[in-house]
Each structure stands twice: as structure tokens, then as C-alpha cells.
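Hello,

Here is the model I promised to pass on to you. Please open it alongside this message, and my notes follow below.

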Amino acid sequence: MKNRSFAPAVALAFLFTGALASPAFAHAKLVSTSPAGDSSATDVVQISLTANEDLLDLGDAQGFVFSVTDDAGHFYGDGCLTIDGSSASMPVQLGAAGEYTVAYRVVSADGHPIEGDWTFTYSPAPDAVVGEAYLELPVCGEEPVPVVTAEPTPEPTATATD
């Protein structure tokens, strides 16, 4: 009776199952953003990101969040995200020039969240329309609470009396 060694067959089986299982261990990651992180942008009408694999769209971008804030902590955008394959985007009208931070949380097709943030400097043209700032993170379909700026109190004027 021959004595066979099963070691080569076992090693081959581990290599084969490891090769098949390796994609399960890879998670989606951020590939690019717009505006790009640490960049200067002059005309921003949309915030977007792209992952290295498709994002999981359960309808109405549920579970996805973009938070766009200025240096004062005021929020911008409408909270309504669009998912298109591996990209997510949200329309936005920014406020005054300055640094803005985009925090995000999206879900990849494998069900794992991708989250983080990036900053960019906004330098609009002098005639650019200034977007409205909000006190809280806007939620798609809900009326956001705008930042109320104090209006100057009118000065009393002297009146002539008879």
C-alpha cells in the first residue's frame, strides 16, 4: 500500500479558497471628491464623491449623508443626495468665501459604510450669489432652519413739534 501525502492537496485547497475569499475582505474606499480636498474652488454648485465600487442605493439615498459646513459651523445644501453607481452627489449653494468642510457617510454595495471628511477653500467671484446658511444639517424634503442674521435697529429720528 502506498503512503500518499495530502499536504500538497491541502495547500492547494487553501490557496484556491483564499483567492476566492479575498474580495470579501476588501472594502470600498474613497477614490475622489469634488471639489478636491485641500483645493481652492471658485464655482461650486455640487458636492460629490466617487468610491472604488458601486454604492448601495436603497432608494432616496437612505443612510447617506453629506454635511457641508463653513468655519462658523453653518450648514449648506439641501440634504438630497443622488446615487449613480459609485458616485454620490448633492447640489449646494455656498455662502461667503472661506474654508468649507464636507463630512460624508455612504454605504458601499457590500453593505459597509464609508465615512470621513475633506476640506476645501471657496473663493467665489465678487458677483456670486451667496447661498443661505442653516443652523442644522438639512434633511431632504424638510424645511431647513436658516441662520437669522441680526438686522440693524433703526435709529430714532428727531421730529419737530409745534
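Five strands make up an open sheet, and their order across it is β2-β9-β8-β4-β5, with mixed pairing. At its edges are β2 (39–41) and β5 (75–76), each of which pairs on one side only. Please keep in mind that this is a predicted model.

Inside that sheet, β8 and β9 are antiparallel partners, joined over ten bridges.

A search of the whole structure finds one, and it is formed by the side chains of Arg105 and Glu115, at 2.7 Å from N to O. Arg105 belongs to β8 (residues 98–107) and Glu115 to β9 (residues 113–122), so the pair ties together parts that are ten residues apart in sequence. As a general point, side chains of opposite charge can pair when their charged atoms come close. How exposed are the two partners? Arg105 counts as partly exposed, at 35% relative accessibility, while Glu115 has a relative accessible area of 52% and is exposed. The cut-off matters for Glu115, because exposed means over 50%.

Some other strand pairings are worth a look too. Strand β3 (residues 46–51) pairs with β1 (residues 30–34) in the antiparallel sense, over four bridges, and here Leu30 stands opposite Ala51 in β3. β3 also pairs with β7 (residues 87–91), again in the antiparallel sense, over five bridges. In that pairing, Leu49 stands opposite Ala88 in β7. If you follow the side chains along any of this, recall that in a regular strand they alternate between the two faces of the sheet.

Now for the chain as a whole. It has one helix and nine strands, and along the sequence the pattern reads α-β-β-β-β-β-β-β-β-β. Of the contacts with a separation of 6 or more, 60% are between residues 24 or more positions apart. Buried residues account for 27% of the 162 residues in the chain. The accessible surface comes to about 10900 Å², and carbon and sulfur atoms contribute 56% of it.

Note on methods: Residues numbered from 1 in each chain as written. Predicted model: local features only at pLDDT ≥ 70, side-chain atom pairs only at ≥ 80, totals over all residues. Heavy atoms only, no water. Helix = DSSP H or I, 4+ residues; strand = E, 2+ residues; numbered from the N terminus. Buried < 20%, exposed > 50% of the residue type's maximum accessible area, 1.4 Å probe, protein only. Contact = heavy atoms within 4.5 Å. Areas by Shrake-Rupley, 256 points an atom, 1.4 Å probe, with all protein chains shown as cover. Pairing = 2+ DSSP bridges. Salt bridge = Lys/Arg side-chain N within 4 Å of Asp/Glu carboxyl O.
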